[in-house]
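Good morning, and thank you for coming. I would like to take you through one model, beginning with a strand pairing and then turning to the aromatic side chains and the surface.

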Amino acid sequence: MKTTVIIPNYNGIQYLEDCLSSLKGEQAHIIVVDNGSTDGSFEMIGEKFPTVRTIRFSKNTGFCKAINAGVAVASTQYVIFLNNDTVVEAGFVQALECAMDADSHIFSASAKMISMREQGKIDDAGDLYCALGWAYAIGKGKPEADYTKSYRIFAACAGAAIYRRSIIQKIGGLDENHFAYLEDIDLGYRALIYGYRNVFAPDARVYHAGSASSGSRHNAFKVGLASRNSIYLLYKNMPALQIILNLPTLAIGFTVKALFFSWKGFGGVYLKGLAKGLKLCASEEGKKNKVRFLPRRLGTYCRIQAALWANMIRVCY
């Protein structure tokens, strides 16, 4: 086998059994990393899925640390990150492997994530990031039949995606400062800086419930953490001159977000998250993880900037 599936779990008793059952026919090693679940989901694995390898933390260490722990013990060519609230279709692993086998410069391939609640509609067909400082899922809410061809994306959604393990070892895994949210955009962004590509793999189909751990699409925990990480993501991956270049559009993007979350009742949480993001950027830990600018990568940064502008136009229209 050349692939290991890594599933982080935190109190996922409602979904985990269906997720693991759907993987039974797939040719891959499976690791579940449990973040201190107290709902019996960890014990269920041993009872019903004895061949699944497990790693257990005593508390919730976050999505990033759980994934990194799984990657650290994997020995396969590829690793798949998979949310516990998913159900895969037969051939899922093979379809992702085929996407990666096509070109050694591909770092990741994002699966076609279909809404479990609205089957027939896209939940995520790859992720984009734009000059407004926004990350967004391609095709969300649109007919899944419209997404049948592969294309390049900014980053793979780590809810269901495959990664080349050798490149993770080169550029680093998920940044654990994120804890959760935007960590996959950061990883894909880093891969682009290093000159690799990320693609969408339409033949790898998976159904996704969504927000299984955080509880809802918008809540204080998610809004605060995502806003903090949105600042950190920019600081980490953009050289100072690029940040200055993007300041006008970033100011618009963050203002619109602040107004939106104020309307939703999370304005204060959002602004506090931004402040925490600035604090993280100024910390020794934040500075240590900033991607170093190298002049030989200037062409790559220019291509990324062009994509940031193009993706901004795309999200606005």
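Predicted model: local features only at pLDDT ≥ 70, side-chain atom pairs only at ≥ 80, totals over all residues.

Residues are numbered from 1 along each chain as its sequence is written, and side-chain values use heavy atoms, with hydrogens and water left out.

Strands here are DSSP E runs of at least two residues, and helices are H or I runs of at least four, both numbered from the N terminus. Two strands are called paired if DSSP finds at least two bridges between them. Strand β6, residues 106-115, runs antiparallel to β7, residues 122-124, and two bridges join them. Six residues separate the strands of this hairpin, and Gly 120 takes a positive phi near 105°.

What else does β6 pair with? Nine bridges join β6 to the parallel strand β12, residues 197-208, where Tyr 207 is the bridge partner of Ile 114. Three bridges join β6 to β11, and these two run antiparallel; Ser 110 stands opposite Ala 161 there. As for cover, ten of the ten residues of β6 are buried (under 20% relative accessible area; exposed is over 50%, partly exposed in between, with a 1.4 Å probe and protein chains only).

I turn to the aromatic rings. Rings of Phe, Tyr and Trp (its six-membered ring) pair if their centres lie within 6.5 Å; planes under 30 degrees apart count as stacked, over 60 as edge-to-face and the rest as tilted. The count comes to twelve aromatic pairs. One of them, Tyr 129 with Phe 154, is tilted, at 5.8 Å centre to centre and 50° between the planes. Tyr 129 lies in strand β8 and Phe 154 in the loop between β10 and β11, so the pair ties together parts that are 25 residues apart in sequence. Both Tyr 129 and Phe 154 are buried. Elsewhere, Phe 260, Phe 261, Trp 263 and Tyr 270 form one aromatic cluster.

A charge sits over a ring if NZ of Lys or CZ of Arg is within 6 Å of the ring centre and within 35 degrees of the ring normal. Lys 290 lies over the face of Tyr 235, 4.5 Å from the ring centre, and the charged end of Arg 297 sits over the ring of Tyr 194, 4.3 Å from its centre.

Finally, the surface: Leu 241, in helix α8 (residues 240-263), counts as exposed because its relative accessibility is 71%.
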